[in-house]
Amino acid sequence: MEGESRYVSAVRRSVSSSFRIKIQVKIMFSDSVRFPQRLSYKMFDVLLRQVKRLLVEYPDWLSIERCQIDFYHKQLSFLSRNFERRLVTYRVYSEIEEEALRLLASEILTSEHERGVDPPDLTCIGEQLASQVARIHKAFFHEFKDFHCYFYFHKKKFEECDGEALVGFQEEVTNLLHQLASITKKQLQVISIVGMAGLGKTTLATRLYNDPYVVSYFYVRAWVTCSQVYRKRDLLLSILSSVTEITPQVSARNDNMLAHDLYRALKGRRYLIVIDDIWSIKAWDDFKSCFPDGNNGSRVMLTTRLKDIALHAQTEGNPLCLRFLTEEESFDLFKRKAFIHGNISRDLSSIGLNIMKKCRGLPLAIVVIAGVLKYDMEIDWWTHVEETVSSYIVTDVNQYMDTLALSYNHLPQHLRSCFLSFGAFREDHDIPVYKLSWLWIAKGFILEDGTKKSLEDVAEGYLMDLIRRSLVVVGRKGLNGAIKTCRIHDLLRDLCLRKAEEENFPLDIYKYDKHSYSCPHSITSLTTSQLYLSSTDVLNIPSNCPCYSPEISQSFFLDVSIHWDTSKLIRDLNISSIELFVFPCEVLQLVQLRYLDLRFTAGNPPESISVLRELQTLIMSSSMNMVVPKNLWKMINMRHLCINSGENLLKFSSAEEPSLLRNMRTMSQVSPIMPCQHIFAKTPNLRKLGLCGPLTMNAELKCPDLGPLTLLESLKLVNTIPSCKAGRVSNSIIFPASLKNLALSDTCLDWKEDWVFQMMPNLEVLKLKCNAFFGNDWETSAEAFPRLKFLKLDELDIVTWTASRDHFPVLQHLQVYRCPYLMEIPEDFGNIYTLEWIEVSGCSDAATESARDIKREQERNGNDWLKILFSHLPSKPRRVAACCWAFLEVSDI
């Protein structure tokens, strides 16, 4: 009856594993138009209150569980706002009958059920929240949507997303931002940040470098790390690669020519160059002439431990000398890194404050101690740490070693060798994760854990454990969020070296006869000399060392005699930094070799390579195509065959059946022509495969039968046969259902053939590169790409792209590079709830503006976390024919 109060009531249900909410709701209404709208608001409000109440009813949640509850509350708030906007926009509430709402209320606001698990299972709560929100949407909009992706809490992701927290330098950030983007000072300026190791110089510089205003203000940005032992050529190429494409011709230039190229490339552009960790005045003098003053607001930012260097480089104003954190700031940083959200008990808070006092305001020490404490909230453990950590004078960085050593002493035995191995890598350089894990396996650090996990998966778990303990820093991440590179802080590397010496852990990378060699990186004499290698050494001789000469690389193993009584024990050899003339047959005497990484000009590995029966990883690069010998298939311990360049044939003898290579996990840059089909039948556990060669015939994409590779996860197809018309996918190709990562280059397919890839059930990453598809129009279909999270379009001739959010339901990242004819990014992509960022570069103004329109529309709707990035990529010449000479990293497979 109109005007009569209506009640929909229920008893609050216990928050159990099924999350059957028990509530009591009273709804007053005066007309049938407002009743549905007010009821919908009330139902979301009830869900929000119940989730928030979990924090009060169960005060003993762990920090990660508190974060999970906050995550659910944030997601509910977001969905509630979007629901209300849609409700008002479409005015559907006026069409809903009162009886339908009664039914909805009885479904959502049900009566009491018996108490379940106490405390409740938060994962089950997330699942039930998704179901409740879906019910509300279905009742009002008559459509079903799966909301489980909104309430999926990825614990590992949330533990690692904290990154490099910047605490205590807000005023410094403001001042530096003003200096970086000052519109009044147009001349080139140098800005210096000075401080001891571990004080946060790099973290502060990173914060400024990635600031959205800085990103938009400077046309060119580049970051290089100098370190004590730097190579001018490396740094010049690194900066130059941020400005223009590095061609083989550019790489062949000498240092003076590269410096000139860099100067010309920067001329007329507003740029920001960051030189991190510079150690000498000479280093600055080596580079300062490369930076032109175009009177356009360009800046160079330095970080250094030595104030004299900063004063020499920064001719105007004073360098910023970083201070130590206050006790309050120290405790704030500690709570962030220990993953403590909200308040903690008075006892733990008191102990934590005492520990922070003993860290004396050094951020690195605070972060390391937080890594020790974050997974154990017991008072006894915190008290033990408090008693162990000693107080030191902050002016002597070496006295922090005992504090940092606490984290090492707390490591499980199986992680200690992995951690100490970081001491063998060059200071301040990113380490490829895949190579790191392969080296750990070769050294015997990784053992089977009794599960079905591969050794590579176990190694990844070890690395993630070291990252969670704040002992290793994440470097570059891939499109799917996987960690591609990592590094270790200088102080922690010093700790590795000290502990390795104390425990006789072999870390010598290479030793030369001091009477014959004056440079620690390369050979300076052509006379026969002695090269000593220990049984765990990784030899790494850079070709760009000042004392390096091509004559040496061509006769390296001829002019250097090896002490075979020790070197025969070598298990890991990396000489990829020098280019040998041919494959060195002398390494075949290293019968214990498990890891070999090398580079040579021409020739093939010999058939006798099979004598290296223990070899697990073989990484080769050559200036010419090579033939993989048939005897390699007798090496049953082989796990990774990685060829980083060219189109390489697999040799096979039909008269001799190859061994079953159960351990083989990776095979890259091999030709697809026969007899690789026979090889695939012998590698049932292959996970990554890269094919480079003739993949098209008569405008039809063909490749070997991939059916036997039931565990294949990553596939890269690079076609070397040019085509002038769009082709189709051969009916003979059957892609494994396990495929998660697919990259296509120069395959020249018609856009109508995309249905083959749309229906892949587990595909998460799709990269369509130069001429992967031909044609102007791409139209995706409903229910396409059900699990695709990352999509990259690069160097395509596409003009119109017709797609909706339903075609990419869980897309997270979209990259559109060098598509100059594309008119717009599909507008509905802004409504993909899982989408985190769209990156556009080298496209038309119309496409770029459409991305901005999506951003503006989402901001009006309250979606403030969708990021639109406009990066400046080095220009690349448009290609028609395929090019098979590009060097490819195995991590890109």
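Leaving aside its neighbours within four places in sequence, which residues is Ile366 in contact with? The structure examined here is a predicted model, in which local features need pLDDT of at least 70, side-chain atom pairs count only at pLDDT 80 or more, and totals for chains, interfaces and linings use all residues. Residues are numbered from 1 along each chain as its sequence is written, and side-chain values use heavy atoms, with hydrogens and water left out.

The residues in contact with Ile366 are Leu325, Ser330, Leu333, Phe334, Met356, Cys359 and Gly361, where contact means heavy atoms within 4.5 Å. Ile366 itself belongs to helix 16 (residues 363-373); helices (H or I, at least four residues) and strands (E, at least two) are DSSP runs, numbered from the N terminus. Ile366 counts as buried because its relative accessibility is 0%; buried means under 20% relative accessible area, exposed over 50%, and partly exposed in between (1.4 Å probe, protein chains only). Leu333 sits 33 residues from Ile366 along the chain, and their C-alpha atoms are 7.4 Å apart.

Two helix pairs are described next. Helix 15 (residues 346-359) packs against helix 17 (residues 379-388) at an angle of about 20°, with 9 Å between their axes. Axes are lines fitted to C-alpha atoms, for helices over the stretch in contact, and angles run from 0 to 180 degrees between N-to-C directions. Helix 15 and helix 17 are therefore roughly parallel to each other (under 35 degrees is roughly parallel, over 145 roughly antiparallel, 65 to 115 roughly perpendicular, and the rest oblique). On the helix 15 side, the contact includes Leu348, Ile351 and Ile355, and on the helix 17 side it includes Ile379, Trp382 and Val385. The residues of this contact divide into six nonpolar, three polar and three charged; Ala, Val, Leu, Ile, Met, Phe, Trp, Tyr, Cys and Pro count as nonpolar, Asp, Glu, Lys and Arg as charged, and the others, Gly among them, as polar.

Helix 6 (residues 170-180) and helix 7 (residues 201-209) pack at about 50°, their axes being 11 Å apart, and are therefore oblique to each other. Helix 6 brings Val173, Leu176, Leu177 and Leu180 to the contact, while helix 7 brings Leu204, Arg207 and Leu208. Six of these residues are nonpolar, none polar and one charged.

For the protein chain as a whole, there are 28 helices and 34 strands, and 54% of the 893 residues count as buried. Among contacts with a separation of 6 or more, 65% come from residues 24 or more positions apart.
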